[in-house]
Amino acid sequence: MKLSRRRLLAGFSSGLVASQLPSLSLAKSQDGFFDLIAAPSKQRLYLPDAPMSDLWTYNGSAPGPEIRAKKGERVQVRFTNKLEEPTSVHWHGVRIDNAMDGVSGLTQKPVEPGGSFVYDFVAPDAGTFWYHAHNKSWNQVARGLYGPLIVDENEPVFERSNDLTLVLDDWRLAGEGVLDVASLGSMMEWAHGGRLGNWLTVNGQSRPVTGLVRGQTYRLRLINAANARVFEIDPNRFGATLLGFDGQSFAEPARLDYAPLMLGPAQRVDLMVVAESDFIIEEVSGDTPYPIAGFSVSDAETTEAPGSAIKLHPNVLPEPDLAKARRPRLEMTGGAMGGMIDIIYKGRKLQGDDFRTARQAWAFNGVANLAEEPFFAARQGETIVIETVNRTAWVHAMHVHGHHFQILNRSGSVVDEAKPWRDTFLIGQDQTTEIAFVADNPGKWLFHCHMLEHAAAGMNTWFEVV
Ligand code: C2O
Ligand code: CU
């Protein structure tokens, strides 16, 4: 089935009916735990007359419920696995206690079918985070195992009614508009740009239109939950300013002085918009902008006094000490059109048919997937500057677990002088990027491509902080 851009656009402008995005918030049980259950469920992804898709979800919907906590608060999640395969839950972007990072095979044993696990951690930073499966993520996330995790400032900057979460996903639909399961695991995609969908949803809805009140200021938290798609968005087209990236607020709202903003897999951006007239957030990479979500603005029944100027509360993170940094270097190779490369996988050099049977296509410093030895070991508190060199023909979305970093240099492009904190960076073909952070969080942490097919096919490494 080919889903045309035109059809989407026509449907969008004809049906501009105000309907709030569904509220997804998860209530705590009486003993203070959030209960989260991964299980198969059915959901309609396509148009209202389309059949239901068979998904795997948290608490029965994709995205899963919004978990909200306050900065510095202890979060306890009682997780149960009702899937037919092992899984674990990763709290993406949270500078978390290593034992709670949810990485199957590195920080915990996967939770077996019928089993459970209690995630118990403190959320040190206020911001926009998300949780997702971290065992065979290419499969489990593609089927719907993800949800938002929002950590509020101690004095919230926005009223809850003006604080909206938008979880973006592109699904691969087939037939009458149901999730295409047969194409999962295509080796061709693993060695190319990953699994790209042909239908977008926001909070599981197609082309939602949300009602806003004229004159009021809103925070829009965009989360890219797609396996591999980079969304290109131009906030200036709808008058939005930026409040932060990847769960880390800026000191002040900022105007984007370049366009478009690239929102890679796993990345988040918080936008601020003053509702003046109807607007649409669009994906602008194609010839014609593609609508993501609409907003319909109407007058309030009562006139409230306009809120005072907003005051952001950035989290405080340790400043890298560049003069004393340890400087590991990561060379990314492989993939289609990357030429012949040597790949070591599980201690052995792959040859001939091995690539296909081992399903490996990429390497970091010549090694596919996790080696026995870490990429580097850091002393707790040490500054790390990683130089990443992308020698592949593809864009990647590199994610550091347990830490946020600043981008110092990026070949062929300018870097933001304000040095915003991030947990995932995009790197273009033949690009070299330097990131810096203080390795202050002890444990074993992944550093991997968040294009989930790339990670499965080799783009994974780990480092240790001792
Ligand atoms: Cu979003 Cu390794 O994670
Ligand atoms: Cu990649």
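Predicted model: local features only at pLDDT ≥ 70, side-chain atom pairs only at ≥ 80, totals over all residues.
Residues are numbered from 1 along each chain as its sequence is written, chains are lettered from A and ligands numbered from 1 in the order in which they are written, and side-chain values use heavy atoms, with hydrogens and water left out.

**Stop one: Gly93**

Select Gly93, which sits in the loop between strand 5 (89-92) and strand 6 (116-122); strands here are DSSP runs of E with at least two residues, numbered from the N terminus. Gly93 is buried, at a relative accessible area of 7%, where buried means under 20% relative accessible area with a 1.4 Å probe and protein chains only.

**Stop two: Ser104**

Move on to Ser104, in the loop between strand 5 and strand 6. Ser104 has 16% relative accessibility and counts as buried, and its contacts, leaving aside neighbours within four places in sequence, are Thr87, Ser88, Pro110, His134 and Asn135.

**Stop three: strand 22**

Select residues 329-334, which form strand 22, and then residues 382-390, strand 28, with which strand 22 pairs in the parallel sense over 4 bridges; two strands pair if DSSP finds at least two bridges between them. Within this pairing, Glu331 stands opposite Val389. Strand 25 (residues 362-364) runs antiparallel to strand 22 and is joined to it by 3 bridges, with Gly334 opposite Trp362.

**Stop four: the largest pocket**

Finish at the largest pocket, which holds about 970 Å³ of space. Of its 36 lining residues, select Phe245, Tyr258, Arg410, Asp416 and Arg422, the closest to its centre. A pocket is an open set of points on a 1 Å grid over the protein atoms alone, where a 1.4 Å probe fits, with protein on both sides within 12 Å along at least five of seven lines, and lining residues have an atom within 4 Å of a point; the volume is the space filled by probe spheres set on the points. Strand 17 gives the largest share of the lining, 6 residues.

Notes: Buried < 20%, exposed > 50% of the residue type's maximum accessible area, 1.4 Å probe, protein only. Contact = heavy atoms within 4.5 Å.
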